[in-house]
Amino acid sequence: MNTTVNKSQLSGWGGYRPIECRVAAPASRSALRQMVADRQSHPRLLMRGLGRSYGDSAVEPTGTVLLQNNLNRVRSFDHATGLLRCEAGVTLEDIIHVVLPHGWFLPTTPGTKFVTLGGAIAADVHGKNHHVDGTFGRWVQRLNLLLADGSECECSPLEHPELFWATIGGMGLTGVIVEAELQLRRCPSAYYHVSYRRCRNLDATLEVLAETDNSFTYSVGWIDCLGRGDRLGRSILMLGNDAQAGDLSGELRDHPFHVPPTRRKRVPLYFPNFALNRLSVSAFNYLYYAVHPDREVVVDYDSYFYPLDGIHDWNRIYGRRGFVQYQALFPQATAERGLRRALETLAAFGLASFLAVIKRSGPANPAPLSYLFDGYTLALDIPNVGPRMLEMARQLDDILLAEGGRLYLAKDSLMSPDTFRAMYPRLGQFLSVKRSVDPDNRFTSAQARRVGLLPSS
Ligand SMILES: Cc1cc2nc3c(=O)[nH]c(=O)nc-3n(C[C@H](O)[C@H](O)[C@H](O)COP(=O)(O)OP(=O)(O)OC[C@H]3O[C@@H](n4cnc5c(N)ncnc54)[C@H](O)[C@@H]3O)c2cc1C
């Protein structure tokens, strides 16, 4: 039976500039294979996970966008070794539900569990432990890739290593990840010791992050992007380590993998565009800083890793015009100066939102389009206020380029071809693999064409 193709408005999580696309959800792996083989009806293709990339990475108006809601079976899980084999449409939430009761957790996780395995591999996502455990791709043992010619290829760091690494972080442009094997991480409980550290300015923030590099597996910080003068870069760091069962209180000690269910809230409608302004964000930042003194707590994995998942559709607070996320990575050597310049620019424009995050990153991996290398990242949401937003992003790009930094494809909505080429020096390596497996550029995305990774038409 032929898969139905419908028209639908698609955007990334930021809701910035939705575009009409042809969308289909193959009912099975064989239906997916049939669609890939049918060049006539589907000359161009793109896989989409849960659309949690912020910009246009999972959007393609000139081809067929394939959803993977029906390609989400867990194939095997070895409780003893923590090796998990799944179809790519399985979500990180599904994985946690299957493996946590057996004392395993994701090796690393982004700030939302509403992400597919395919999306996590294609973006080579990172978590709060990059400086210790690297990216998601480091833990992928092997993957099955459906190629543009309809054949399937199993690859790993040892078999077809170039194709494997080009697919890790390759944003769906090498083919369809249909299945993957992931090495999980042992965890002693579903809980984490979290140490809150209040830092009065950027120097203090960087000092504490550097000092605690070896003593905490996880680190992340909220940063006040409107702070100026001696408050520039003030932050609340949240440094975490696994909690042992014996550290838990009451009944949890006997059931360390149990997390009592909580009710999720929902943002019921789009906020009006004026709701987020300098005043409201300043007030939020003032209060947030004030109510977080230094303290030690034990919290469950949901509260520590996924605080935003507790509020469905939280992206609606930015209104119908949406927002863009800007994640800037500064190399270790220039991070202090780069972050200072970026924060000064943000404060001067007064456009950043209350959701701004600073993280430490460790060494790069062999994947040519993977995002991170040794340094610090600053991620923030910028409401779409039109030309002023574009001007601020342009100024931030200039700073980032001058300091040898980089933007993250999974978050990007605005990067230009020149900027992309300058920030991703291993692009040639990626393109040579792409040409060998997809010479006609069947796998494309709006983003790939916008940043000049693929031809624009
Ligand atoms: C609240 C929030 C917090 C986040 N925090 C982090 C973070 O801390 N760290 C981080 O790294 N990222 C973070 N992200 C970004 C997110 O993890 C990535 O964008 C991820 O790729 C989204 O997965 P998805 O399943 O929604 O994929 P989509 O957004 O739908 O697609 C992303 C890319 O993956 C490709 N793709 C999807 N499935 C396949 C497949 N089967 N085969 C080939 N290609 C495929 C798509 O073509 C596209 O290029 C966050 C996002 C949100 C909304």
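1. Three salt bridges are counted between domain 1 and domain 2 in this predicted model. Asp-302 also forms a salt bridge with Lys-113, with the closest N and O atoms 3.0 Å apart. For polar contacts, the rule finds 14 residue pairs across the interface of domain 1 and domain 2, both residues being at pLDDT 80 or more.

2. On the side of domain 1 that touches domain 2, α2 (92-99), α4 (130-133) and α5 each supply at least two residues. The most comes from α4, with four residues. By residue class, that side divides into 15 nonpolar, twelve polar and six charged.

3. For orientation, the domain assignment gives domain 1 as 74-187 and domain 2 as 191-421. The contact draws 33 residues from domain 1 and 34 residues from domain 2. Their C-alpha centres lie 24 Å apart.

4. How much area do domain 1 and domain 2 bury between them? The figure is about 2,800 Å², with 59% of it on carbon and sulfur atoms. In domain 1, the residues that lose the most area to domain 2 are His-126, Lys-128 and His-131, together 27% of what that side buries.

5. Do have a look at Thr-174 too, in the loop between α5 (161-167) and β10 (176-183). Is Thr-174 buried or exposed? Thr-174 counts as buried because its relative accessible area is 2%, and the cut-off is under 20%. Its side chain makes a polar contact of 2.9 Å with that of Thr-167. Leaving aside neighbours within four places in sequence, the residues in contact with Thr-174 include Leu-145, Leu-163, Phe-430 and Val-437.

How values were computed:
Residues numbered from 1 in each chain as written. Predicted model: local features only at pLDDT ≥ 70, side-chain atom pairs only at ≥ 80, totals over all residues. Heavy atoms only, no water. Buried < 20%, exposed > 50% of the residue type's maximum accessible area, 1.4 Å probe, protein only. Polar contact = N/O pair within 3.5 Å; in protein donor to acceptor, adjacent residues only side chain to side chain. Contact = heavy atoms within 4.5 Å. Domains from an automatic or database assignment. Buried area = accessible area lost by both parts, 1.4 Å probe. Salt bridge = Lys/Arg side-chain N within 4 Å of Asp/Glu carboxyl O. Nonpolar A, V, L, I, M, F, W, Y, C, P; charged D, E, K, R; others polar.
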